[in-house]
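Take a look at the model below. We will walk through a few backbone details and then a sheet.

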2 protein chains.
Amino acid sequence: MYHEEYMARALTLAEKGSGYTSPNPMVGAVIVKNGRIIGEGYHPRPGEKHAEVMAIENASESIEGAEMYCNLEPCSHDTPEKRTPPCTLRVIRENIKKVHIATIDPNPHVSGHGVNVLQSAGIPVETGLMAEEAMHLNEAYFKYIQTGLPFVHLKMAISLDGRIATSSSDSKWISDSAARKIVHELRHRYDAVLVGFNTVKADNPQLTVRLVDGRHPYRIVLDKNLSIPTHYSLVSDEFAEKTIIFTLPTADKEKKARLESRGVIVEAVQGDHNGHPDLTAVLKELGRRGITSLVVEGGGRVYTEFINQQLFDKVSMFFAPIIIGRGIEAVGDLGVTSIADAIRLQNTNYQTINDQIWVQGYRNLHETFGILAREDACLQD
Amino acid sequence: MYHEEYMARALTLAEKGSGYTSPNPMVGAVIVKNGRIIGEGYHPRPGEKHAEVMAIENASESIEGAEMYCNLEPCSHDTPEKRTPPCTLRVIRENIKKVHIATIDPNPHVSGHGVNVLQSAGIPVETGLMAEEAMHLNEAYFKYIQTGLPFVHLKMAISLDGRIATSSSDSKWISDSAARKIVHELRHRYDAVLVGFNTVKADNPQLTVRLVDGRHPYRIVLDKNLSIPTHYSLVSDEFAEKTIIFTLPTADKEKKARLESRGVIVEAVQGDHNGHPDLTAVLKELGRRGITSLVVEGGGRVYTEFINQQLFDKVSMFFAPIIIGRGIEAVGDLGVTSIADAIRLQNTNYQTINDQIWVQGYRNLHETFGILAREDACLQD
């Protein structure tokens, strides 16, 4: 096997934690001796073992002189809130011969320090192996740990002519069940899902994970007047305590109390120029609550604001092979007058799903990945 | 080699005539004996040899007892306007043992008669081999020969949010040069290109074939008031006699005379409910002139009318990875209020071109292919 295959295995192991590790990253580790994998581990969830330690403890034979492959730089810090001892010390103690990592950990508590600790102990460290794959696996973590703000992923089910609903607000179903399964999988992987009030009013959505196995995300609603009907799913189902409604400081106190009595979290933030909850304030508050990633599921006004304010990291558009004609547009006025000023997505990727196409792209890889983008040549244009 | 490979070779040969055979179909023929291809031919252009005859005459050895593969039913008719003798007679005379064809020729003069003639002469005929590929190769011919109307292909360069230009009508360039090359290749393959007056006014396009080798198409403009500036390319370049302007009977006679003095063809047709040249009348007149295929290159008003009146056969959308926001929409009001009533494209196909995606689909395969769609199970849903 080649280096890449061991690292690919580490990435596959890391993904086992998908949906459960937040606010920690997904990490996988593989221990290799004499050309054979003798130990594997991954980080299942916060407070549980780190991947490196699990791999060491699972090893089928002595790991002295073995090499370790790990998608992220091993931790070297011991802060009060941390529940596990630094992995670097364990690696040194076990006499690992060499460590291969995909990327450093931009967490200011680590950020190259883990590599330094290992190297000072005489253990060579090779970085950069499958760095791009590793960066995308933990893109939410990388954004959050460097900015304190969640990674924002706009998800749209859209017609070929750019509509997310007909003129009568019908949008069920633009995408088929295979595409909707992928959306539920996204919800499982992300900490939270956000919608605007118009979408809530039109669809009374549940925003839970039903079409795949997984855990439910926080459900975020922008509702400046707290107008959500009290019988609607988001504020009346068994997951109401996972609903966070952002409103304005002027919102009705009684409505607020009524929602809170059901376990719903109501947060008042300043208004933006249009009198809606300010998105930067919303993202800061979500970050403060430890929400590292957010899928924005509509509607058009909300998409437009996230795009206009350059507050999104990624877009997923599920194109159905239909033409709706005039209806609800996915994106409203951005003030773009020349093609050169249009938002140009980076690293676009296209995948077919039955007769649909799933387009993914990034707004600005350098802003999302921070120091990682600057270090990794493959993401520079 | 298998049957499919011989037929695939016949299709490849047929395509050599691409852009030059109209109003005839593209036809290729392969003669096989003892498992080897001993003769090949294709139809280069009207008035020249049919594929079957070219293959027979090119054969490297005696074709007695050989089998023939041909993408279209050999002709059996001898009408006054036809410049070549029926291929079926030649096939019979040469003692071909068996004939494989992809589809019958829905031309009312042939339409199964060629097969009957061969079978009556004791030559077995197998039909249906690679029928779908053969149908798409000659889709324009199949539409035209059964309806007298050109095959209409809407081509759009579009942003992910469904815009074909910014609010200031900037559209240069939504697609990159690789996509524009494909568009020029389309122009070469189609008999004519059509645009509305707004597009002419905004872009002063040439609509010629420049980025690839090929022949220039007829250039059709819808211009109800004959407002096209006389210095614009379409009415002043060296190909002005390949420009056809459709206007209304009320159009200014002097303007008409001035355009005609340059060789431009001006046709007055009845107005539609919006006071624009009626599209059905336009298509009928184009069909009458022997134009079998048409690429519609915009703008939004024209696309919307072709879609609303169900007058298109195929759509090609070249999506650039950009978001423009409010601007010129590709498709306007279609009166669609529920998703179930949206135009659902059939047989969609997706291809990437650098960072763009080319979406192709059909409006109604049964209407485009007529009796062929009814006979060929693979196109039925």
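Helices (H or I, at least four residues) and strands (E, at least two) are DSSP runs, numbered from the N terminus. This is a predicted model, in which local features need pLDDT of at least 70, side-chain atom pairs count only at pLDDT 80 or more, and totals for chains, interfaces and linings use all residues. Residues are numbered from 1 along each chain as its sequence is written, while chains are lettered from A and ligands numbered from 1 in the order in which they are written.

Start with Ser169 in chain B. B:Ser169 sits in the loop between strand 7 (163-166) and helix 7 (177-189) of chain B. Its phi is near 65°. That is a positive value in a residue other than glycine. B:Ser169 has 17 other C-beta atoms within 10 Å, so it is partly exposed.

Now turn to chain A. A:Ser169 lies in the loop between strand 7 (163-166) and helix 7 (177-189) of chain A. Its phi is near 65°, again positive in a residue other than glycine. A:Ser169 has 17 C-beta neighbours inside 10 Å, so it counts as partly exposed.

Chain A also holds cis peptide bonds. One runs from A:Ser22 to A:Pro23, with omega near 5°. A:Pro23 belongs to the loop between helix 1 (3-15) and strand 1 (28-33) of chain A. Another cis bond links A:Gly298 to A:Gly299, with omega near 0°. Find A:Gly299 in the loop between strand 12 (293-296) and helix 12 (300-308) of chain A.

Next, go back to chain B for a sheet. Two strands pair if DSSP finds at least two bridges between them. Five strands of chain B form an open sheet in the order 2-1-3-4-5, with mixed pairing. Which strands stand at the edges? They are strand 2 (36-42) and strand 5 (125-127) of chain B. Each has a single partner strand, so one side of each is left without a neighbour in the sheet.

Look inside the sheet. Strand 1 (residues 28-33) and strand 3 (residues 67-72) of chain B pair in the antiparallel sense over four bridges. In strand 3 of chain B, B:Tyr69 is the bridge partner of B:Val30.

Key
A residue is buried if 20 or more other C-beta atoms lie within 10 Å of its own, exposed if 12 or fewer, and partly exposed in between; C-beta atoms are placed from the backbone.
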